[in-house]
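Here is a short report on one protein chain. Keep the sequence and the 3D view open as you read.

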Amino acid sequence: APTTSPTSAPTTSPTSAPTTSPTRNPSANGRKMLRSQKTDPLETFTKLTEQEHRDLGVSNAIEDFTNFLVPILEDGPIQKSFCFGACDEDDDDPFRKIEGSIMIRATAECDGAVLEGESALVSVSGLAYVVFESFGDEALADQVVDLLGPFGQFGLKEASVGLEAKTNPILKMVVSLGGKPALPTNTFTSGSPGHTIYSLIEDVADGLNFGVVGTLLPGEASVEFQVSVDPIIVNNAVQFNSTQGLGPSIFTKTRFVSGSGTEVIFGLRATLRILVAESDEGIAGGGEDTYIYLTGQIVSAVTNGVVSFGGQLALQGWWYNMFGLPFFHLGNAVAGVSLTPIPGPPFVSPKSVIFGASLCIGAKQLCEDGDLSETIFLMSYISVDAAFPVNNYFVALANELTADSILTAFGNVEGMEIFADLNDKLPAFLKNTGFTPLKECVEVTAEQLRDSSKTIDRDCFVSLSFAPFGAVADIVPSTPDVELELPQGIAFAGQVNLFDLVIFRLETRISIQQAGLDLVSFFFR
């Protein structure tokens with residue numbers, strides 16, 4: 001039976017229905033809560049608890065909608081072309097219409113829906129024409145476009161928009177917009193100084209990429225704006241090129257967390273793509289070269305009035321056979337520190353530290369395939385922040401730590417078969433001794449290990465976490481990578497087997513709301 005401390009917070013499913021009286025109207029009750037607040041609506045919304053979100057009807061509405069969509073999308077995404085405005089075949093004026101494609105798909109975990117739209121050009125004139133034509137007056141729409149003139153040609157080309165809504169494990173909405181700046185047509189006389197200068201401006205603008213991402217969670221909201229250049233190719237082995245196909249960038253991010261305050265970040269970010277192994281077959285033969293992505297950033301932040309500066313280096317994705325070791329594979333590693341200026345010596349004081357990595361032990365092919373039955377997967381991260389309490393957490397995960405699993409992982413590596421022979425000679429009670437997760441979910445977690453932007457199910461691992469204020473931790477904060485929901489307090493989940501004599505099944509959560517102060521003082525006293 002699960003062992004739970006008497007002080008533990010009650011564990012409830014994020015998708016469970018609230019307990020209400022028959023006469024209660026949850027949505028009306030939630031709207032009343034919003035109207036009663038005199039603060040900023042966004043701040044009020046992010047301060048609502050998950051239960052209050054359900055009273056407001058937000059989570060329920062999104063959950064009902066995603067539950068309706070996901071079964072439809074399980075067979076594949078829905079994709080369709082669209083055109084608004086002057087869409088006649090004989091009308092090729094790009095500034096009087098908006099056309100492109102739209103796709104709706106399920107999230108990787110089938111717990112939400114994603115809408116993605118693309119358009120070659122979204123201009124000011126195109127938007128104006130679509131709006132005024134929708135009133136049924138094409139003549140007025142034409143007059144507005146003519147009135148806008150060259151100004152109406154400003155906009156975004158290669159534009160993309162995205163909306164993701166999911167409810168498991170908590171309500172989360174992400175809105176994104178990106179593209180390259182579109183400029184008016186160069187009307188200067190060819191060869192003139194004006195034409196040459198404007199052409200240079202067009203070349204610069206064509207190498208820029210704009211992006212805005214807004215994220216909304218219960219108790220948290222953030223907006224990030226980024227301007228990046230196109231990838232910079234040094235040679236075939238080294239490029240400044242991120243996994244999103246972007247070069248170095250500048251960015252600013254504003255984050256509000258209820259109970260922790262506001263954080264505003266300004267920074268420079270660059271990802272170095274490095275060739276670590278060439279394919280034996282070659283690209284033409286269907287082989288793929290192996291690259292690693294190192295993302296570095298230098299930031300300055302204002303957290304609740306506290307100014308800090310620092311840097312961070314992250315390995316995005318996986319480096320297989322690291323340093324030539326055939327059983328050692330490192331992924332999603334991060335190390336960073338930020339400092340706060342102080343008046344006297346040493347003139348700086350630590351503000352935050354983050355450190356951690358994921359590790360797969362076993363044969364390269366098995367780790368690439370995410371085969372958790374034949375490998376050992378470990379993950380550990382720690383983050384300490386003296387000025388932003390919600391950033392304080394520690395987490396450690398392992399898929400299985402038994403004598404059998406460890407010897408199996410090493411025994412599958414070429415040249416290390418001696419471990420497999422040793423495993424065959426062990427009695428069963430020794431093989432089974434160790435730690436195992438509460439449930440088996442090899443297929444789910446195998447996909448999570450390979451893909452980014454996934455939310456890990458902690459019950460698929462032996463897990464230990466400490467998050468005084470709870471957190472949805474970005475395992476590699478500088479990249480949109482793996483996310484992990486951490487419950488507030490101390491939590492442990494897993495099974496302990498002692499020589500097949502005693503088997504403990506433990507799932508414990510202890511709520512300690514103020515323990516974060518002790519964690520911070522321990523590191524920064």
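## Pairing around β23

This is a predicted model. Start with strand β23, residues 489–498. Strand β19 covers residues 434–436 and pairs with β23. The two strands are antiparallel, and three bridges connect them. To find your place, look for T436, which stands opposite Q495 in β23.

Strand β20, residues 462–467, also joins β23. Here there are five bridges, and the strands again run antiparallel.

## The chain as a whole

Now step back. The protein chain has 525 residues, and 41% of them are buried. Its secondary structure comes to 13 helices and 24 strands.

How much of the contact count in the protein chain comes from residues 24 or more positions apart? Take the contacts with a separation of 6 or more: such residues account for 57% of them.

Strand β3 spans residues 112–123, and β2 spans 97–106. They pair in the antiparallel sense, with seven bridges. G100 stands opposite S119 of β3.

β3 also pairs with strand β4, residues 155–166. This pairing is antiparallel too, and it has 11 bridges. Look for G112, with K166 of β4 opposite.

## Helix α5 and its buried side

Helix α5 runs over residues 124–133. Its buried residues are S125, G126, A128 and Y129. Why do they lie on the same side of α5? They cover an arc of only 165° around the axis, so they share that side.

What do these buried residues pack against? Three of the partners are strands: β1 (78–85), β2 and β3. Helix α6, residues 138–148, is a partner as well.

## Two disulfides

A disulfide is a covalent bond between the sulfur atoms of two cysteines. A search of the whole structure finds two.

C83 and C87 form one of them, with 2.0 Å between their sulfur atoms. The torsion about this S-S bond is about -95°, so the disulfide of C83 and C87 is left-handed.

The link of C360 and C367 is left-handed, with -85° about the S-S bond. Buried means under 20% relative accessible area. C360 has 4%, so it counts as buried. C367 has 7%, so it is buried as well.

## Nonpolar cores

The largest nonpolar core has 18 residues. Which residues have the most contacts inside it? They are F377, Y381 and Y393.

N392 sits in the loop between β16 (376–385) and β17 (393–398). Its relative accessible area is 2%, so N392 is buried. A polar atom of the N392 side chain lies 2.6 Å from the backbone nitrogen of D385.

Next, find N304, in the loop between β12 (290–303) and β13. Phi of N304 is near 50°. That is a positive value in a residue other than glycine. N304 is partly exposed, with a relative accessible area of 41%.

N321 belongs to the loop between β13 and β14 (328–341). Phi of N321 is near 50°, again a positive value in a residue other than glycine. With a relative accessible area of 28%, N321 is partly exposed.

How values were computed:
Residues numbered from 1 in each chain as written. Predicted model: local features only at pLDDT ≥ 70, side-chain atom pairs only at ≥ 80, totals over all residues. Heavy atoms only, no water. Buried < 20%, exposed > 50% of the residue type's maximum accessible area, 1.4 Å probe, protein only. Helix = DSSP H or I, 4+ residues; strand = E, 2+ residues; numbered from the N terminus. Arc of directions from axis to C-beta. Contact = heavy atoms within 4.5 Å. Pairing = 2+ DSSP bridges. Disulfide = S-S within 2.5 Å. Polar contact = N/O pair within 3.5 Å; in protein donor to acceptor, adjacent residues only side chain to side chain. Core = buried A, V, L, I, M, F, W, Y, C linked by side-chain atoms within 4.5 Å.
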